Amino acid sequence: MSEKDDRFNLSRARDDSGESRGLPRANDDSGESRGLPRANDDSGESRGVSRRDFLKSAGVGGLATAVTAAGAAEAEAQTGPRVVGPGDVPVTLIVNGKRLELRIEPRVTLLDAIRNRADLTGNKRVCDRGTCGACTMIVDGRTIYSCSTLAIDMVGKQIRTVDGLSTGNVLHPVQQAFCDVDALMCGFCTPGFVVAATALLERYPNPTPEQARKGLDGNVCRCGTFVRIMEATMAAAAKGVRRV
Ligand code: FES
Ligand code: FES
């Protein structure tokens with residue numbers, strides 16, 4: 001064997017003598033434990049918990065865990081959320097700063113509750129499936145599709161619709177900008193765009209074109225007035241939009 005081969009052999013964790021020179025093993029060939037203690041060594045004498053005892057206790061422990069989990073699930077089923085409906089239930093919404101006391105079925109969407117029960121018809125129902133943005137409202141500062149949101153889930157939150165943006169006869173700066181630059185054709189998408197642009201400018205008072213595009217990308221104008229809508233949004237930003 002060459003000198004190089006010799007060096008290589010000496011560097012191995014275990015040499016030909018059978019003795020470990022590297023990481024300690026749990027049990028070497030002598031049968032004696034040098035690392036992690038064994039439950040029972042070759043002498044037949046128990047030094048701790050036997051494998052059988054361990055397996056028994058693990059089985060009992062597992063069973064106990066399963067029984068506890070089943071009990072917890074049963075307890076949760078008994079104390080879980082109260083079932084309401086399917087008939088009308090009282091629901092209180094805070095819309096544009098006012099309390100609305102409604103009686104609606106739990107399945108009613110926020111858009112339907114506000115348009116059909118509270119007579120606030122500014123926001124439109126167009127696709128009714130969360131794709132066009134015409135129904136966009138602001139809830140606790142974030143835009144949502146009200147056609148795809150249950151009214152009963154909005155209890156206790158601050159809801160803002162396009163109806164609440166103007167002050168008396170004075171239009172909100174975003175509404176005014178849409179009028180000034182003629183940013184609409186049929187107008188079905190306009191309430192949703194106005195609300196989305198308002199939420200955008202309350203968050204980014206001086207948005208970059210990229211931020212503006214991103215803020216409005218949840219809304220669709222089928223008439224294709226995107227250029228004017230962007231123009232109106234930037235014009236409103238130039239005038240300043242107060243954070244509510
Ligand atoms: S009507 Fe709600 S997203 Fe189109
Ligand atoms: S103005 Fe008609 S859909 Fe936008």
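Predicted model: local features only at pLDDT ≥ 70, side-chain atom pairs only at ≥ 80, totals over all residues.
**The overall plan**
- You can find 7 helices and 5 strands in the chain.
- Followed along the sequence, these elements come in the pattern α-α-β-β-α-β-β-β-α-α-α-α.
- If you take the contacts between residues at least 6 apart in sequence, 50% of them join residues at least 24 apart.

**The sheet**
- The 5 strands form an open sheet with mixed pairing, and their order in it is β2-β1-β5-β3-β4.
- Strands β2 (98-104) and β4 (142-145) stand at the edges with a single partner strand each, so one side of each has no neighbour in the sheet.
- From one strand to the next, the twist averages 40 degrees.

**A closer look at β1 and β5**
- Strand β1 covers residues 89-95 and strand β5 covers residues 158-160; the two run parallel and are joined by 2 bridges.
- To see this pairing in the structure, look for Val 95, whose bridge partner in β5 is Ile 159.

**Helices across the sheet**
- Helix α3 (residues 110-117) lies across β1, β2 and β3 (136-139).
- The direction of helix α3 is at about 100 degrees to β2.

Definitions and conventions. Residues numbered from 1 in each chain as written. Chains lettered and ligands numbered in written order. Helix = DSSP H or I, 4+ residues; strand = E, 2+ residues; numbered from the N terminus. Contact = placed C-beta atoms within 7 Å. Pairing = 2+ DSSP bridges. Axes fitted to C-alpha atoms, helices over the stretch in contact; angles between N-to-C directions.
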